[in-house]
Amino acid sequence: MTYFELLRLFGNDVKAVPLRTTSVKDFSGDLSIKRSTTDEVITLIINDLQKAAGILPKENGFYADKYAALALLARVQLYLGNYKAAGEAAHDVIANSGRALAPNYAAAFNHDVNGSEDIFAVQITSQSGQNVLITFYASEENGGRGGDISINQDYLNIFDDPNDVRSKFYYQNAKGDLLTNKYVSQFGDIPLIRLAEMILIRAECNQRLNTALGASPIDDINSIRARSSAVALTTLTLGDIIKERQRELAFEGFAIYDIKRTKSSVASLPFDSPKLVMPIPQSEMNTNKLMEQNDGY
């Protein structure tokens, strides 16, 4: 998971980040290391997840289990455009993990323990720290900084049904900004992978491949919409599925990566703009003489 995030934040089509697959035991020498290729990092990620899915148990308390590995594999394969592999992994999770969509949208968030929809979540307790997303997304009353990230009208405009509860899943801070209700429990768990994402992945892969593994794409999308009281669709396009991802997964860290993988744009920036790749931190440049900075920085 960490290498996948590093790859998407700092990598490009050719260069990724340095791979260290063994621990460093001797700090006396030069620890400089080159950036590995993107293909090398992708190979490591996929091989590790496939191995993990074969080793981990089907049930493992709140630790990662077999289906957490398969779910992350589905996310990785979707990002890479390997739709058959992504759809099969997502379907395995949906069909066999025992997870179920929360009965309503609000019930998918702000848990003290894993909910029915959680495939993998970070456990937060009053002893172990706090839900750091609260810092950026929540009001001061809810333990945040007042709401660094607020909801604007452009986001509200993507909803096609006024009865969709997701279009109203917010509250106002003291300044009148609209803040998401997804992160209001200071010690609530952080859901990293939800079943809803797997349903959206299966739907998209089936739509792209003209298949119906597990369910038709429109049935999968309508199951997501029904949970939020949105009217069922009667026809479906790939664009509809991408839009449904924006509605369902907003503020969970998917938007920029969906823009990149679908070759869309951010305002005037094309998907492959160097400005949509993070700079290598100066501390890494200072301590690693073999490190190369990303283009444009």
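User: Which helix does L156 lie in?

Analyst: L156 lies in helix α6, residues 153-156. Helices here are DSSP runs of H or I with at least four residues, strands are runs of E with at least two, and both are numbered from the N terminus. Before going on, please note that this is a predicted model, in which local features need pLDDT of at least 70, side-chain atom pairs count only at pLDDT 80 or more, and totals for chains, interfaces and linings use all residues. Residues are numbered from 1 along each chain as its sequence is written, and side-chain values use heavy atoms, with hydrogens and water left out.

User: Is L156 buried or exposed?

Analyst: The general idea is a set of cut-offs: buried means under 20% relative accessible area, exposed means over 50%, and partly exposed is in between, using a 1.4 Å probe and protein chains only. L156 has a relative accessible area of 19%, so it is buried.

User: What does L156 touch, not counting residues up to four places away in sequence?

Analyst: A contact means heavy atoms within 4.5 Å. By that rule, L156 touches I151, S167, Y170 and L178. For a sense of distance, take L156 and R20: they are 136 residues apart in sequence, and their C-alpha atoms are 43 Å apart in space.

User: How many residues of α3 are buried?

Analyst: In α3, 13 of the 15 residues are buried, so this helix is largely enclosed by the rest of the structure. Not counting residues up to four places away in sequence, L72 touches M1, L49 and I193. Helix α7 is mostly covered as well, with 12 of its 15 residues buried, including L195, M198, I201 and N206.

User: What is found at the start of α3, and what follows α3?

Analyst: At the start, look for a polar contact: a pair of N or O atoms within 3.5 Å where, within protein, one must be able to donate a hydrogen and the other to accept it, and residues adjacent in sequence count only if both atoms are side-chain atoms. Here a side-chain oxygen of D65 reaches to within 3.0 Å of the backbone nitrogen of Y67. After α3 comes G81, whose phi is positive, near 85°.

User: At what angle do α3 and α4 pack?

Analyst: Axes are lines fitted to C-alpha atoms, for helices over the stretch in contact, and angles run from 0 to 180 degrees between N-to-C directions. Helices α3 and α4 (residues 83-96) pack at about 150°, with their axes 8 Å apart. That makes α3 roughly antiparallel to α4; under 35 degrees counts as roughly parallel, over 145 as roughly antiparallel, 65 to 115 as roughly perpendicular, and the rest as oblique. Residues that meet across this pair include Y67, L70 and A74 in α3, with Y83, A86 and V93 among those in α4.

User: And at what angle do α8 and α9 pack?

Analyst: Helices α8 (residues 217-227) and α9 (residues 238-248) pack at about 30°, with their axes 11 Å apart. They are therefore roughly parallel to each other. In this pair, I221, I224, R225 and R227 of α8 meet I241, E244, R247 and E248 of α9.

User: Which positive phi does N110 have?

Analyst: N110 has a positive phi of about 60°, although it is not a glycine. It is found in the loop between α4 and β1 (118-122), and at 25% relative accessibility N110 counts as partly exposed.
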